[in-house]
Amino acid sequence: MTHTPIEINGDCIDRLIKRLEKQIGAKEANQLKKTAIEIVQNCVNVYSENFGIGDVGKNSTGLVGQPYKGTDAIPNGTTGLIYGRVQSGKTNTTIATLALAHENNFRCFIVLTSNNTWLGEQTANRFNNQIQGGPVVFDWKAWKDDPVDFAKTKFTRYIKDTGVVLVSTKNVQHLDKLLKVLKASKVKDVPTLIFDDEADNASLNTNEAKQAKQGKEQISDSTTFEKIGNLRQEVANHIYIQITATPQSLLLQKLSHPCKPQFCAALPEPGDTYMGGELFFAEKSNYCCIVDSEEIDELKKKKGENPGNQWIIPEGLRLALCCFFLGSTYKMLSSGQEDATYSFLAHICYKQDIHSVLEKVISQFVINLDQAIRDKSSATKNKQAIKWLEQAYNELNKTVDNLPLFTELINELIPI
């Protein structure tokens, strides 16, 4: 493979690493930069191999010298993979890779997030807050009303100067409008880097099994896969980087498949504060509670019914919620950050209607528990609520050092 020298320093990457040193420590920030250097070196090498030397890398132009004119709709061998454990720093690595790629004259950056508006906005905010002295960051809301006008008045003003980052969810309509931006802005003139977060989720062609049986003439490609393919064709001189903690389906694609990684970069082992599967699912772990599988069946059968707003909630879910209430209260007290936000995740099924039922069950339980501990319901319900919270307190005591007294946590939990 062609080896093209790269820049490893510059205003954008240097500013980012200084910020990360304050957030995660100097050792972790510099290890992250080493990983970014490895990824960008691979990107520049693969780009130079496919499209020629001089567009990207050290002393490059930042302009496409030889537009792709191959027979394949998407240039073969232009896909990479970033693999890392869940919550182990993949987003920070992506941001550092983008910052360093900017120093090496990639000028258009597309960041695809999961089809979840809230998560997409969170990702866009992280890129916008962390990237300084580099490309301008926009998300899908900036071009949703008029993609062509955005392309002419915003995108083209920055693309050959500072460069541009376009963050979009994998919502089909968002991808369609992003394609309109690219078509209207002559983005083919600049080297592009595409980051696809959770690339094994929706981005693959989910209709391949059906196509193998019935033929492509009868079954079209899955919609998201097709839309991402259109983006890749529009920015032909590009590198497409997949990001995931579960890369098996990507690695098993055939060699000619556009989602088959040409190179892979594994994130280093996370730091001492990382909490992963080894902690939660070790044998006899105090961090894991076994829940009866019948609870899930019970929740699925509810179908939103909760006669009389009774406390009909499975025991395991109830304990988990009570642990969350006391645990987040403890975190607020111990950290001194009373306005901090903590989240509870309940995922029992892939179907949205089931989670709608789950939301109703949890909401009603929260209302009833709140009223009970504030003495706004019967003495019996107050006694029952305190008993459930005591069970959660005993569970937390297994893993928390110097846990405050139960009464102190309850007093903090009750709104004034």
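Select E121, D139 and K141: a network of salt bridges links them. You are looking at a predicted model. Side chains of opposite charge can pair when their charged atoms come close.

**Stop 1: K141 and E121.** Zoom in on this pair. The closest N and O atoms of the K141–E121 salt bridge are 3.9 Å apart. K141 sits in the loop between strand 3 and helix 5, and E121 sits in helix 4, so the bridge ties together parts 20 residues apart in sequence. K141 is partly exposed, at 37% relative accessibility. E121 is partly exposed too, at 30%.

**Stop 2: K170 and D196.** Now select K170 and D196. Their salt bridge brings N and O atoms to 2.8 Å. K170 is in the loop between strand 4 and helix 6, while D196 is in strand 5, 26 residues apart. Buried or exposed? K170 is buried, at 4% relative accessible area, and D196 is buried at 0%.

**Stop 3: K398 and E395.** Here the closest N and O atoms are 3.4 Å apart. K398 is partly exposed at 47%, whereas E395 is buried at 16%. How many salt bridges does the structure hold? Eight.

**Stop 4: the cysteines.** Select C288, C289 and C323. The sulfur of C288 is 6.8 Å from that of C289, too far for a bond. The sulfur of C323 is 6.3 Å from that of C289, also too far. The disulfide count is zero.

Stop 5: Finish at the second largest pocket, with a volume of about 290 Å³. Its 17 lining residues include A73, I74, F225, G229 and P258, the closest to its centre. Helix 8 (residues 223–234) gives the most to this lining, six residues. By class, the lining has eight nonpolar, five polar and four charged residues.

Terms used
Residues are numbered from 1 along each chain as its sequence is written. This is a predicted model: local features need pLDDT of at least 70, side-chain atom pairs count only at pLDDT 80 or more; totals for chains, interfaces and linings use all residues. Side-chain values use heavy atoms; hydrogens and water are left out. On a 1 Å grid over the protein atoms alone, a cavity is a set of points where a 1.4 Å probe fits but cannot get out, and a pocket is an open set with protein on both sides within 12 Å along at least five of seven lines; lining residues have an atom within 4 Å of a point. Grid points are joined across faces, edges and corners, and a volume is the space filled by probe spheres set on the points. Helices (H or I, at least four residues) and strands (E, at least two) are DSSP runs, numbered from the N terminus. Ala, Val, Leu, Ile, Met, Phe, Trp, Tyr, Cys and Pro count as nonpolar, Asp, Glu, Lys and Arg as charged, and the others, Gly among them, as polar. A disulfide is a pair of cysteine sulfur atoms within 2.5 Å. A salt bridge is a side-chain nitrogen of Lys or Arg within 4 Å of a carboxyl oxygen of Asp or Glu. Buried means under 20% relative accessible area, exposed over 50%, partly exposed in between (1.4 Å probe, protein chains only).
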